[in-house]
Amino acid sequence: LFLFLFTFFFSFFIFYLMYYYFFFFYFFFFFFKQKTAYEMLRSLVGSEMCIRDRSFFELLEKRAEHTLLCVGLDPRSATAAEAKKECIHIINETHEYAAAYKPNAAFFEVFGDEGWSALRDVIKAVPAGIPVILDAKRGDIAATAQAYATSAFDHLGAGAITVSPYMGVDSLKPFIKNKNHAVFALCKTSNPGSNELQTLPLASGNMLYEHLASLAENKWNENGNVG
């Protein structure tokens, strides 16, 4: 009888001890896992907010510490879906090496509504921290230019846009009033016909494109967001 009671109470004690330690380690593991997940989430959210608050040129300068490659996204596809697939594949293969991405709006606009949707998805697919230049070469003024700026920055999610400044600073103002956004002004282009206008000599001795470049770098660049 004594042996039976001893065995019973000893087994009960061992069971209780195992239960107690199991509960303790489960609670510790659950708490640690939750705390780690919370810290990771807080870190990710903080990093995302930090990236979102940085200007286009701040992001570009950060990327340029490791690479100077700007990856053009100019799909020659038959459908919007194919254009999107092609560009996202390029992004996935090159994001480690890209300082920036430059999707050409025309190759998406050609597909109408589906093309606009595909362009927005392509820009979204670019990893956070890599800036996006929308290659659209806008060149209008006033409300029209503002509509272009709203489309590029608010709806499509680009950080910068290419513009044609031959209508003067009025064609840039809606794009550069927000310091976090940027423009790249066309001054000297590579097409043969560009010399009909861009290399015209001025009274100052400079060519027209040189005068434009000077304006973009100095007078028009109050917010430091004209390239």
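**Entry 1: terms and loop**

I take helices, of at least four residues, and strands, of at least two, as DSSP runs numbered from the N terminus. The model I am reading is predicted. With those elements assigned, I looked up L200 and found that L200 sits in the loop between β5 and α8 (208–217).

**Entry 2**

I next traced the strands. I find an open sheet of three strands, in the order β3-β4-β5, with parallel pairing. β3 and β5 are the edge strands, each pairing on one side only. From one strand to the next, I note an average twist of 25°.

I recalled that strands of a sheet pair through backbone hydrogen bonds, either parallel or antiparallel. I then went through the pairings here. Strand β3 (residues 133–138) runs parallel to β4, and three bridges join β3 and β4. I looked up R138 and found V163 as its bridge partner in β4. The chain passes from β3 to β4 by way of helix α6 (residues 142–155), and I record this β-α-β crossover as right-handed.

On the other pairing, I note four bridges between β4 and strand β5 (residues 182–185), again in the parallel sense. Which residue of β5 is the bridge partner of T162? I find that the partner of T162 is F184.

**Entry 3: side chains of β4**

I looked at which way the residues of strand β4 (residues 160–163) point. A160 and T162 point one way, whereas I161 and V163 point the other way. I record all four of these residues, A160, I161, T162 and V163, as buried.

**Entry 4: a pocket**

Lastly, I turned to the second largest pocket, for which I note a volume of about 150 Å³. I list its lining as V169, K173, I176, K177, K219, W220, E222, N223 and N225. How many residues of each class are in this lining? I record three nonpolar, two polar and four charged residues in the lining of the second largest pocket.

Key. Residues are numbered from 1 along each chain as its sequence is written. This is a predicted model: local features need pLDDT of at least 70, side-chain atom pairs count only at pLDDT 80 or more; totals for chains, interfaces and linings use all residues. Side-chain values use heavy atoms; hydrogens and water are left out. Buried means under 20% relative accessible area, exposed over 50%, partly exposed in between (1.4 Å probe, protein chains only). Two strands pair if DSSP finds at least two bridges between them. A crossover is right-handed if, with the strands pointing away from the viewer, the path from the first strand over the helix to the second runs clockwise. Axes are lines fitted to C-alpha atoms, for helices over the stretch in contact, and angles run from 0 to 180 degrees between N-to-C directions. On a 1 Å grid over the protein atoms alone, a cavity is a set of points where a 1.4 Å probe fits but cannot get out, and a pocket is an open set with protein on both sides within 12 Å along at least five of seven lines; lining residues have an atom within 4 Å of a point. Grid points are joined across faces, edges and corners, and a volume is the space filled by probe spheres set on the points. Ala, Val, Leu, Ile, Met, Phe, Trp, Tyr, Cys and Pro count as nonpolar, Asp, Glu, Lys and Arg as charged, and the others, Gly among them, as polar.
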